[in-house]
Amino acid sequence: MSLPTSTVKTDPQWWRHAVVYQIYPRSFADSNGDGVGDITGIRNRLPHLAALGVDAIWINPWYPSPMKDAGYDVSDYRDIEPVFGTMADAEALIAEAHAVGIRVVLDIVPNHTSDQHRWFKDALAAGPGSPERDRFIFREGRGADGAEPPNDWLSEFGGPAWTRVTEADGTPGQWYLRLFAPEQPDVNWNHPDIHDEFTQTLRFWFDRGVDGFRIDVAHGLVKDGGLADIDGLPFPLPDDTPDGVEHPHWDQPGVHDIFRSWRTVADEYDGPRVFCGEIWVGRDHRLTAYLRPDELHTAFNFNFLMAPWLATPLRETISSTLAAHVAVGAPATWVLGNHDVCRPVSRYARPQELLKPGFPNLQPYLALPADILLGRRRARAAALLSLALPGGAYIYQGEELGLAEVEDMPEAARQDPIFAGTGGANVGRDGCRVPLPWTPTGDSYGFGPDGGAATWLPQPAEFAALAASVQDGDPASVLELYRAALKIRAGHPALGDGGLQWVDAGDDVLAFRRDPGFACWVNLGSQRVALPEGATVLLSSQDLTDHVLPPDTAAWLAV
Ligand code: GLC
C-alpha cells in the first residue's frame, strides 16, 4: 500500500507542544445534506483549520456504529461508518490534512464494543460458559433466580452497570457488564483476543498514515478480578486515599501493562505515532502514572477543565499539573472543553464561587444564573491562558467561534443516552454537540447545503451571529483572537513545551513568565490591574487602554 505523501514537518517531538483541534464529525460540516456531518465536509473545511493554525485534528469515532452513543458504540474498528463516508474518503482526508501540515489523530474505543459487534453477537449465540462469552464480562445474577445484577456497579449513563440477556431457549439468562449504555458491552481485557484485536487496529490505521489515537475511557479497561462491590467508595478517590486502596473498575493498576504494549506498537513506526488518554482520575500522580516514558505520550488535563474561573484554584491546578508532569518527563495538556462537557462560555457564565465539584456536563450548571457575555469574555481570556501554558493544547470545535452551550434544546430533540438513561434527570451532552454555524444565513447556517435534511440536533438562532464567515476578518471576533494567538504561539520560542515562572501580581492575577521574553497576565479579580512597565502587549483578549488589564482579561506580553 502506498502511504499518503506528507508535507507534515518531521518533528519527532510534535506532540509535546501541539495544538490539537477536536472534530466531532457528526457536527462539523455536512457535505451531502443528510443533516449529519461527514468526512467530505471535513475535507471541504480544511482551509478553516489551516487558517486557524492548528497542528493536528482529533476526530471522534468514525467507525461503523449503530450510534447508540454517537459512535462510541463501535461495531467494526477497521472501517468507516457509511453516514460519514468511505475508506477512500478517510484516506483522502489524511493525505490532504498532511499536505497542509495538519496531523490526524483518531479515537479508539477499547473499553467496550457495540452490541452489534460480531463478537458480541457470537457471545450471545454461543451461550453461558463459552469461549465467545469470555471476550466480554458475563456473570450469573445474584438473588432468587439470578434476578439481581451480579454486583453494585453503576452505569455512567444511569442505573445498574449490568444488562440481563435472554438465552437461546427463551429463559432469563446471564448478565453482562456495560459501564455505559446497554448497547456498549465492556470487553474482557484478560482475554488474548482483545489484545490482538486492538493491536491490529492500531497497526491498521497507523499503516494508513494516522498520527495517533485519543484513547476512550483509558482508565477503565481493567476490572478487579473478583468484581468486588464498590460499597460506596467514591471516584475519583480522595487525595488522602491510602496506598493500596483501589476502585474496582476505574484506574486499576493492571491497565498500565496494556498501554506499555501499545507504546511498543506506536514506537515501531517512523515518524512518531502518539497517544492521548481520556483519563478521569482526579489525583495528579494517578494521571501522570499513565505518562511514564514507556506508556502514553499525553493525557487530557481534566483538572484544568474543571477548575473554576477563580485565581487560587486555577493557579494551584496549573502548579500541581506541571509538577506532576515534570516528574515523569511528559508534557501537560490544557483543555477547556470537549464533546462531553458544558461549553466553557456557559460554565464561566455562572457564579464561580457556587460551583460544586463534579462532572461538568450541563446539568449542574442549569440551576445557576448565566451571564453569557461574561462567560464569553472569560472564555477569551481562558483561551490565551491555555495557549500560553507549557505543553500542548486542545480546542474543541466551536470554541474558536465562542459558541455557548445550547441549554434549551427541546426534550424531543435530545439524543444523548444520558438523557434517556437517567429518565430525563440529567439533560446530557447534546448542548455542546450542536452542528457548527459556518454562514449567517441558510437552512443550517452553512453546516450543510440548503434544501437538505434538518440538522441532527437543532441549531439556535443565535448561531447566525457567531458563524465563521461573520467572524472572519473582524479583529474583535473570537475567531481572529484564536488565529492571532496560534500565529504568535507557532513563532515564539518561549511558547509550547517548557516551564514557567510565576510572577507575584496579587492574589487575583495569574501572571507568569516564560523564557525567552514572554509573559502572560490574566486578571480574575474585579479591579483593574496595571501591566508591568516596559512590557509590550503582543495580544490581549479585550482591547486595553493605558497599559491596564481590566477584569476577566488576559494579555500576552513581550518582556
Ligand atoms: C468517553 C467519551 C464519551 C462516551 C464514553 C463512552 O467518555 O468521550 O462521549 O460516551 O466514553 O464511550
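Modeller: Let's start at Asn 188. Leaving out residues up to four places away in sequence, Asn 188 touches Asp 134, Arg 135, Phe 136, Ile 137 and Ile 194; contact here means heavy atoms within 4.5 Å. Before going on, bear in mind that this is a predicted model, where local features need pLDDT of at least 70 and side-chain atom pairs count only at pLDDT 80 or more, while totals for chains, interfaces and linings use all residues. Residues are numbered from 1 along each chain as its sequence is written, and side-chain values use heavy atoms, with hydrogens and water left out.

Back to Asn 188: you'll find it in the loop between β6 (172-177) and α5 (192-207). Helices (H or I, at least four residues) and strands (E, at least two) are DSSP runs numbered from the N terminus. Asn 188 counts as buried because its relative accessible area is 10%, and the cut-off for buried is under 20% (over 50% is exposed, in between is partly exposed, with a 1.4 Å probe and protein chains only). The Asn 188 side chain also reaches the backbone nitrogen of Asn 190 at 2.9 Å. For a sense of scale, Asn 188 and Ala 324 are 136 residues apart in sequence, and their C-alpha atoms sit 31 Å apart in space.

Next stop is Ser 114, in the loop between β3 (103-108) and α4 (118-126). Ser 114 is buried too, since its relative accessible area is 0%. A polar atom of the Ser 114 side chain lies 2.8 Å from the backbone nitrogen of Gln 116. Beyond four places in sequence, Ser 114 touches Pro 66, Asp 73, Val 74, Ser 75, Phe 120, Glu 183 and Pro 185.

Now look at Asn 60, which sits in the loop between β2 (56-59) and α3 (87-99). Why does Asn 60 count as buried? Because its relative accessibility is 1%. The side chain of Asn 60 has a polar contact of 3.0 Å with the side chain of Gln 22, and another, of 3.5 Å, with the side chain of His 339. A polar contact is a pair of N or O atoms within 3.5 Å; within protein, one must be able to donate a hydrogen and the other to accept it, and sequence neighbours count only if both atoms are side-chain atoms. Both partners turn up among the residues that Asn 60 touches, once those up to four places away in sequence are set aside: Gln 22, Ile 23, Tyr 24, Pro 25, Tyr 72, Asp 107 and His 339.

Zoom in on Trp 205: apart from neighbours within four places in sequence, it is in contact with Trp 62, Tyr 63, Tyr 77, Arg 78, Asp 79, Ile 80, Met 87, Leu 106, Val 210 and Phe 213.
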